[in-house]
Amino acid sequence: MSMILAPSKLRFAPLKQLSWQLYHMCQEEPLQISKAIVFLPSRRAKRQFIEELQSFFPEMTFIFPHVSTLRDWVNQTDSLPCMLPPPVSFFERELHYIHLLKPYVREESQAGQFAESLAALHDEFIFAEVPFEKTKNLIPETFAAHWQQNLKYLEVIKDQWPHFLRRIGRSDPCVHFVQLLNEQIEAWKDNPPQAPVIAAGFEADIPVVGRFLEAIEQLPKGKVYQENFWNNSEEKTILNLFSCKMQTPQAEKQEEVFQTDMLTQKLHLGEFSSLEEEARVIAILMRERLEETDKIIALVTPLRALAQRVISELARWNLNVDDSYGKSLSDIPLGVFLRLSLKCVLKDFESIPFLSFLKHPYMSQTYKMHIGKLETQYLRGQLFASNIFSLLKEIPKGTELYKFLLSLQEWAAPLKHLLFQKTIILKDLVTAHLQFIEILSRNTFEHHRGYKEFTEQLKGLEGALNNLKIKGTDYPFILEKLLSQVTLRPLYGVHPRLHIWGPLEAQLQSVDCIIVGGMNEKNWPGYYQQSAWLNESMRNILGLQTRTMWYELKKRLWINLLRAPEVILTRALREEGQLEAASRWWLGLLARLKAKGQYERHQLNPVYQQWARLLDYPAERKVLSRPAPCPPLEARPRTLSATQIETWIRDPYSIYAREILNLKPLASLEPALGPALFGVMIHQILEAFFKQGYEVQDQQAYEILRNLGKHTFGESLNHPVVSSFWWTRFNRLIAWFLEVERALSPSKRFAEVRGEIFLKGPQGLFKLKATADRIDLNIDGTACIVDYKTGGLPTRKEIKQGVMPQLPLEAAILQKGGFQEIDPHTSIVMRYMHLSGGQPPGMILDIPGGTLIEKALESLQTMINQYDDPKKPYLSCPNPEIAPAFSPYSHLSRIQEWQRL
């Protein structure tokens, strides 16, 4: 059939050209349009084509042609006498694969991982029309053993899967697709349609698709539009400049023309320091081009992090972009609620998933009333994970919270019972799960976003759900797959001229400005995923897609994007903080432009980067100075511990926040056993040892300390990190501790003894209190104050500066007789006992009292006098040299902001 050339103004609009061709093909018989069949590679191209065709009939009524993708055509056609039974869905097939693979894997979790990749390999064989029998002699004995093991997995898709399908009376979806296309080809040979049949934008790399396109070409009014149809050789476009097919003498002459002539397209290249800057500039570019009437702008990128940032940036102008990726059901509130509820049941409502579940917006307000008390009193600060069983032991019986947990346990029981069954029908699990979340929400989910799509999917899989038996522990993996099958896109409210597409969806689309973002090697072309089952040599022998073929396909897809009147290519030097290499195609284009001396003229105007930096820059910058609160005298503390005095010296603001504002930091959820917590436990163990009257000279002292340690560590010993690391350190530490203590042998030991003294200040008495880890009274009349340290020991400089006054102040209290049941002593030794359990296990640092005690008291007295002045502020870290390494109130004082001054 003849081809009518479209006007030059349509050269950048493939689907507009295609609609022009169909329009002119049917001008003599307009009704032929309704009988025409048009095949396009994607549903988005299908929608776009219908819109373009409609533009040729602005004031006329006409019947649309049949526009379809190949997969939709196969699924919808019922005129062909297909000899195959109805196909299973792709999701159902993966579930069956998991069941078939379980006998061949070491761990059942591997079956789910292998099923997806094996299904993809099966489809490659079917589409490439490679018989599975060719794999028999494919792997020689000289190959590694794991390649020999792969044969048994190939047997699953070669023999067991077809046998299983015959048994259930179904067919494979890919086999069904190929069979129906072949039957359509034969049907057209016998009875060719007289109406136009058009196909455009297809890659003929699949044999059956190639034959299908050839069959269309043989039809009386059949036409297949290949890539060269969209290219106009008279135009000086980027495709001519960068096409991989430019190898002819004519192409070389054309290259010479480009040395002097300008491109007929607008081309800009932008390189940015970070992904954030790239996204912001792209958003500015899209916003700017919207000012031009009827201009359509699209961002094409496979990098979702970039797309999501651009969406967020456009939201500042209330622009809701049409994002073709949409959102998976797994990521919207309904999917999150389903996943959290399942995780809670499987983990017996451990603290973090339990709190996340309770705080979900779909949780009933009736049950949310328990969140505050449950979190602050029973979940925070518990070593490792608390679950519902430990909570029921701690919470008083008869309380509302206790009754709620009992009810929760009862509601979850049916689902939990099914989850631990060896064989269960999948539908029963899904039903029990939905019933559980409906109880907790105290509402139906009919009006929640995604529920309708989820239930429709379940109806489509009713056969699989009713008949497929699984192991209960496989359900989390299957649920994740179920949720990921549903993609939701906004039904309204998106901007009609702003789009974000993936590389495949962008094919054949026509826009006025296309922005190809994320031009780094990891995105364009991306990393080739090496097959886990066949190496490159095997794939080449079989005729499957190889690395070279994959790269060529990716390159064609990328080049096909460069058709718009304006093309902008962008990349970031760093993505998520990681330095990235530029795409090979970016580097190739730069090399060509630089060779022609055109690189500078195609660089993106740097003003966009300036705008991006200024976008959130305040018109008036208010710099926060160091906080200096001056609370009234009556609010200032009159009692502090020796430990708090150190905080008072290093960071007075922390004393203000804790003692005056009464702000107490929340304990962590499921805190891990780290150095700080290890130190607390060592203090508790040694306190219990001495207070219970045990002696270090006792031959059983080591076993006693070990038993005390087991009691203190408790259930945390079941944790592998604790049992292998911290418990080993503890055993090494107590052996060293007993050896040292037996050599010291004081006359009397006092553990965890409390004391206090009063100091006079301008506003009255100030109480200094302390709890000494241990005080030893020696035979010679001297006293030794011991401070256990599991962290680092103080340096000589810190001791001289007096920034760690805890031991000197405790010695001052001892000098004045402030400790209970201990007489005043004047000869005092201050001892730091380093108990790390490392190499070496411990260390002793003795410091004589003398002038250090007097200096510590004088310094404290000076501070009391200063802070009894109402004008004295509680500064945040007044001396940066002695600022604490960590303070829970740093964010409150905004230290990182004012320290930059």
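Is Asn318 buried or exposed? Asn318 is exposed, with a relative accessible area of 74%, where buried means under 20% relative accessible area, exposed over 50% and partly exposed in between, computed with a 1.4 Å probe on protein chains only. This is a predicted model, in which local features need pLDDT of at least 70 and side-chain atom pairs count only at pLDDT 80 or more, while totals for chains, interfaces and linings use all residues. Residues are numbered from 1 along each chain as its sequence is written, and side-chain values use heavy atoms, with hydrogens and water left out.

**View A. Asn318 and Glu821 are two non-glycine residues with positive phi.** Asn318 has a phi of about 60° and sits in the loop between helix H14 (304-314) and strand S7 (322-323); helices (H or I, at least four residues) and strands (E, at least two) are DSSP runs numbered from the N terminus. Glu821, with a phi of about 65°, belongs to the loop between helix H36 (806-815) and S21. Glu821 counts as exposed, at 75% relative accessibility.

**View B. An open sheet of 4 strands is paired in parallel.** The strand order is S2-S1-S3-S4, two strands being paired if DSSP finds at least two bridges between them. Strand S2 (66-68) and strand S4 (222-225) form the edges, each pairing on one side only, and the twist from one strand to the next averages 10°. Strand S3 (residues 197-200) pairs with S4 in the parallel sense over 4 bridges, and Ile198 has Lys223 in S4 as its bridge partner. Helix H9 (residues 207-218) lies across strand S1 (37-39), S3 and S4, and runs at about 135° to S4; axes are lines fitted to C-alpha atoms, for helices over the stretch in contact, and angles run from 0 to 180 degrees between N-to-C directions.

**View C. Helix H15 (residues 333-346) packs against helix H24 (residues 475-484).** Two packed helices are described by the angle between their axes and the distance between the axes. Here the angle is about 180° and the axes are 11 Å apart, which makes H15 roughly antiparallel to H24; angles under 35 degrees count as roughly parallel, over 145 as roughly antiparallel, 65 to 115 as roughly perpendicular and the rest as oblique. On the H15 side, Gly335, Leu338, Arg339, Leu342 and Leu346 meet Tyr475, Pro476, Leu479, Glu480 and Leu483 of H24, contact meaning heavy atoms within 4.5 Å. The residues of this contact divide into 7 nonpolar, 1 polar and 2 charged, where Ala, Val, Leu, Ile, Met, Phe, Trp, Tyr, Cys and Pro count as nonpolar, Asp, Glu, Lys and Arg as charged, and the others, Gly among them, as polar.

**View E. Cys174 is buried, whereas Cys630 is partly exposed.** A search of the whole structure finds 0 disulfides, a disulfide being a pair of cysteine sulfur atoms within 2.5 Å. The closest cysteine sulfur to that of Cys630 is in Cys877, and because the separation is 17 Å, it is too far for a bond. Cys630 has a relative accessible area of 42%, and Cys174 has a relative accessibility of 1%.
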